[in-house]
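Visitor: I have a new model on my screen and would like a guided look at it, with the cut-offs spelled out. Please start wherever you like.

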Amino acid sequence: MKDGSGNDYVVVFSESGIYAQATYHESPINAYRVSPPAPWPGLFDSLPQAFRPFAQEVAFLDHNGVQRATVCLWRERTDSEWKCGNVQVPDQDEGDADGAEWLFGLLLEGRAEAYLEFAEEYYEVAPALEVVQHVYDLKPLTQDIVSALNPAVRLEDLAEEIAQIGYPV
């Protein structure tokens, strides 16, 4: 997910487990708070070896090879809970300083209604709830569903993205 304003996140599902990394560009722990830019101390220190290649993935680095993350969390297949590095956020910054709650909130909500609210606010569109629910239920995409979400897009235009995420058609 990239919002076009410098905020993004990625979730990787692998044989080893799940890795998630996000950037909240207004975060006080952003890599660009210092010169030269560097990830916040502790963010990646305890990252398991199995997930380290994801953290170094070119897609997650800036043009100088710096990790853009303000959030890094993971869950190995055998873990019973999510884990993250030992990150100390400055005292004056309480709440959602790393942006995790804001960035991952919609995923955690997990309801078509929540996405519909987001789409109305962010994209200023209001697709029918049944259409959004269709996607949330992972029902196969059809041209009718795609058109209901965006009349300017054809199903075949999405072939690469659909194949990449393994969505049913």
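**A guided look at the model**

Visitor: Which residue follows α2, and what is its phi near?
Guide: This is a predicted model, in which local features need pLDDT of at least 70, side-chain atom pairs count only at pLDDT 80 or more, and totals for chains, interfaces and linings use all residues. Residues are numbered from 1 along each chain as its sequence is written, and side-chain values use heavy atoms, with hydrogens and water left out. Helices (H or I, at least four residues) and strands (E, at least two) are DSSP runs numbered from the N terminus. Directly after α2 comes Gly110, with a positive phi near 65 degrees.

Visitor: What share of the residues is buried?
Guide: Buried means under 20% relative accessible area, exposed means over 50%, and partly exposed lies in between, with a 1.4 Å probe and protein chains only. The protein has 169 residues, and the buried share of them is 34%.

Visitor: Within what arc do the buried residues of α2 fall?
Guide: Helix α2 covers residues 100–109, and its buried residues are Ala100, Leu103 and Phe104. The arc is taken from the directions that lead from the helix axis to the C-beta atoms. These residues line one face of the helix, because seen down the axis of α2 they fall within an arc of 90 degrees.

Visitor: Which strands do the buried residues of α2 pack against?
Guide: Contact here means heavy atoms within 4.5 Å. By that cut-off, the partners of the buried residues of α2 are β1 (8–14), β2 (17–23) and β3 (71–76).

Visitor: What covers the buried residues of α4?
Guide: In α4, residues 129–136, the buried ones are Val131, Val132 and His134. Down the axis of α4 they fall within an arc of 150 degrees, so they line one face of the helix. Just after α4, Leu138 has a positive phi of about 55 degrees. The cover over the buried residues of α4 includes α3 (112–122) and α5 (143–149).

Visitor: How many residues are in the largest nonpolar core?
Guide: A nonpolar core is a set of buried Ala, Val, Leu, Ile, Met, Phe, Trp, Tyr and Cys residues joined through side-chain atoms within 4.5 Å. In soluble globular proteins, nonpolar side chains tend to be buried together. Among the members of the largest core are Val12, Tyr19, Phe44, Cys72 and Trp74, and its size is 11 residues.

Visitor: How many residues does the second core have?
Guide: This core is separate, and its members include Ala20, Ala22, Val71 and Leu103. The size of this second core is nine residues.

Visitor: Which backbone nitrogen does the side chain of Asn7 reach?
Guide: Asn7 sits in the segment before β1 and is buried, at 5% relative accessibility. Leaving aside neighbours within four places in sequence, Asn7 has contacts that include Met1, Thr23, Tyr24 and Trp102. At 2.8 Å, its side chain reaches the backbone nitrogen of His25.

Visitor: Which residues are linked with Arg111 in a network of salt bridges?
Guide: A salt bridge is a side-chain nitrogen of Lys or Arg within 4 Å of a carboxyl oxygen of Asp or Glu, and the structure holds six. Arg111 pairs with Glu113, the closest N and O atoms being 3.7 Å apart. Arg111 is partly exposed at 35% relative accessibility, and Glu113 is partly exposed at 33%. The network links Arg111 with Glu109 and Glu113.

Visitor: How far apart are the closest N and O atoms of Asp79 and Lys83?
Guide: Asp79 is buried, with a relative accessible area of 13%, while Lys83 is partly exposed at 35%. The two form a salt bridge, and their closest N and O atoms are separated by 3.3 Å.

Terms used: Polar contact = N/O pair within 3.5 Å; in protein donor to acceptor, adjacent residues only side chain to side chain.
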